[in-house]
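These are my notebook entries on one structure. I record what I looked up, entry by entry.

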Amino acid sequence: MTLRDATSADAGSASAPPSNQALAAALRAARWTPRDLVRALNPRLEAVGQPTLHLTAGRAWLNGTRPRSATVRRLAATVLTEATGDPFNAAGLWGEPAVGGATAEKTATDDLVGRRSVADVLATATAWTATDPREQAILHPAGDSQLLSAVWDATRQSPLRTAAPGTQEQVLPAFVDVLEGHLGRLRRLDDTAGGGALSQRYVRIELAGVLDLVRSSSYTTDVGTRLLATASGMAQLSGWMAFDADLNAAAQRYQLLAIRLARAAGDTTTVANVLGMLAYQHAATGKPPAALRYAEAAVDHTARSSPIVRARAWGRMATAHAAAGDISAFRDATDRCRTLLEHRRDDDPPSLYYFTPEQVSAEAGHALVELAATNPAHTRRLLAEATTLLSPLTDHGPTSGFPRSALLHGIHLAHAHLLARDPEATAATLLQLADRVPDVQSIRCRNLLRRIRRSAGVRMRAPDGARALTAVDRALSAS
């Protein structure tokens, strides 16, 4: 099916009402146009390997047609729920009877609030990883207080204290060595390519395999703890990849599972890292108060940890303060992070191999761009500092081994140049980024680049600017 065929198939059916007042009201609440709705839908469809829609499809829906695809109808309710904070469902939006009654869509915290045994958590994790990818895209976000309660409960999950029954095939330590090594290689693959539909699916399969071993195999207590820690690492990586695909609710569900599994394994480092990820995710989605809460929890959980683990938590705190627009607190947290990072050890957690002074500079550069946008009195100075930090990371991206990171921080550099009203530097950076798009599958990076391109389009009229915009358009359409 071609893109235009897919668009036509979703043009609608005659059974919809002559005009969709419910959809119109939801769009007003979101302050969206019909095109904005389709722009929100397409990345989610792309993230789960589904055909994207033509931007004009939303206008047809508003005029009374209805998407033929149940996935599109339900996904529209999800993105509108996220945009407004009000619950929407497909039945209400499209005037169709609810299947099986008015059952609410699943949310990120389902079966993960309150006391849960390790067996319950394993069953929930197994069921979730087996879920159709389309369902993971449709998952509704939990309310802020509900998510916070679920995280609080997860950080108090009881550790596993007994070995599995000895009636099944036994998992030997050498087998776990292989699984742990594979997890490390998958993390590096993510640093290279990011969270595309293929990589997400593959990591889910790997997570399902480890969960099956935990649930149905025989092992010693030590091996069982290592298996749980590996499952937690896989869940954490799945959560990061979902976030990198702009599937925020799915990311939160994986992160909750990662905390539960890490607590069962007594792995405080992973618990703190996931709390930090939640802080980063909330900062990126415009929720500074929540970002600060999760960053503070991460710092609290690392009070007795190694310096690099504490440094990672303080780095997340710096990002949260930047999202809140607090320059002084951002600088204090960044200084703490850099000081702790000077005390690396041979026994540092392998999951933090990427956390180097260069990574701190990259995160600080992005934070400075965010601060420049919210502190107009300091904009010029903050943007100059951000450019100094981000330029070498963008220039040397192809030789760093982390092309996804280079693309992401190049996007932040282009944003800095755009805010500084420097069209020549913006054009030069966009041309660099266009060359790197084909090597990176990160849907989030591509969506961020699309936003920068739309913002730049109204300001770059010179020939060099037009050439850069065309190059970005071609790169994104070919990917």
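**Entry: two loop arginines.** I located R421 in the loop between α21 and α22 (423-436). Helices here are DSSP runs of H or I with at least four residues, and strands are runs of E with at least two, numbered from the N terminus. The model is predicted, so I note that local features need pLDDT of at least 70 and side-chain atom pairs count only at pLDDT 80 or more, while totals for chains, interfaces and linings use all residues. Residues are numbered from 1 along each chain as its sequence is written, and side-chain values use heavy atoms, with hydrogens and water left out.

I found phi of R421 near 60°, a positive value in a residue other than glycine. Most residues other than glycine have a negative phi. R421 is exposed, at 75% relative accessible area. I take exposed as over 50% relative accessible area, buried as under 20%, and partly exposed as in between, with a 1.4 Å probe and protein chains only.

I then turned to R31, in the loop between α2 (21-30) and α3 (34-47). Phi of R31 is likewise positive, near 60°. R31 is exposed, with 77% relative accessible area.

**Entry: helix α9.** Which residues of α9 are buried? In this helix, which spans residues 144-154, I list L147, A150, V151 and A154 as buried. They lie on the same side of α9, because they cover an arc of only 100° around the axis. The arc is that of the directions from the helix axis to the C-beta atoms. S145 and W152, on the other side of α9, are exposed.

I looked up the packing partners: the buried residues of α9 pack against α13 (248-264), α14 (268-284) and α15 (288-301). Contact means heavy atoms within 4.5 Å.

S149 also lies in α9. S149 counts as partly exposed, at 37% relative accessibility. From S149 to L112 I note 9.6 Å, C-alpha to C-alpha, across 37 residues in sequence.

**Entry: the second largest pocket.** On a 1 Å grid over the protein atoms alone, a pocket is an open set of points with protein on both sides within 12 Å along at least five of seven lines, whereas a cavity is a set where a 1.4 Å probe fits but cannot get out; lining residues have an atom within 4 Å of a point. Grid points are joined across faces, edges and corners, and a volume is the space filled by probe spheres set on the points.

The second largest pocket holds about 810 Å³ of space. I count 33 lining residues, with D191, Y354, Q359, R404 and S405 nearest the centre. Helices that each supply at least two residues of this lining include α10 (173-193), α12 (221-244), α19 (379-395) and α20 (397-400). Which helix gives the largest share of this lining? I find that α21 does, with six residues.

By class, I record 13 nonpolar, 12 polar and eight charged residues in this lining. Ala, Val, Leu, Ile, Met, Phe, Trp, Tyr, Cys and Pro count as nonpolar, Asp, Glu, Lys and Arg as charged, and the others, Gly among them, as polar.

**Entry: cavities.** How many cavities of 30 Å³ or more are there? I count three.

**Entry: S351.** I located S351 in the loop between α17 and α18. Is S351 buried or exposed? S351 counts as buried, at 17% relative accessibility. S351 touches R187 and N273, with residues up to four places away in sequence not counted.

**Entry: cysteines.** My search of the whole structure for disulfides returned zero; a disulfide is a pair of cysteine sulfur atoms within 2.5 Å. C337 is buried, at 2% relative accessible area. C445 is buried too, at 0%.
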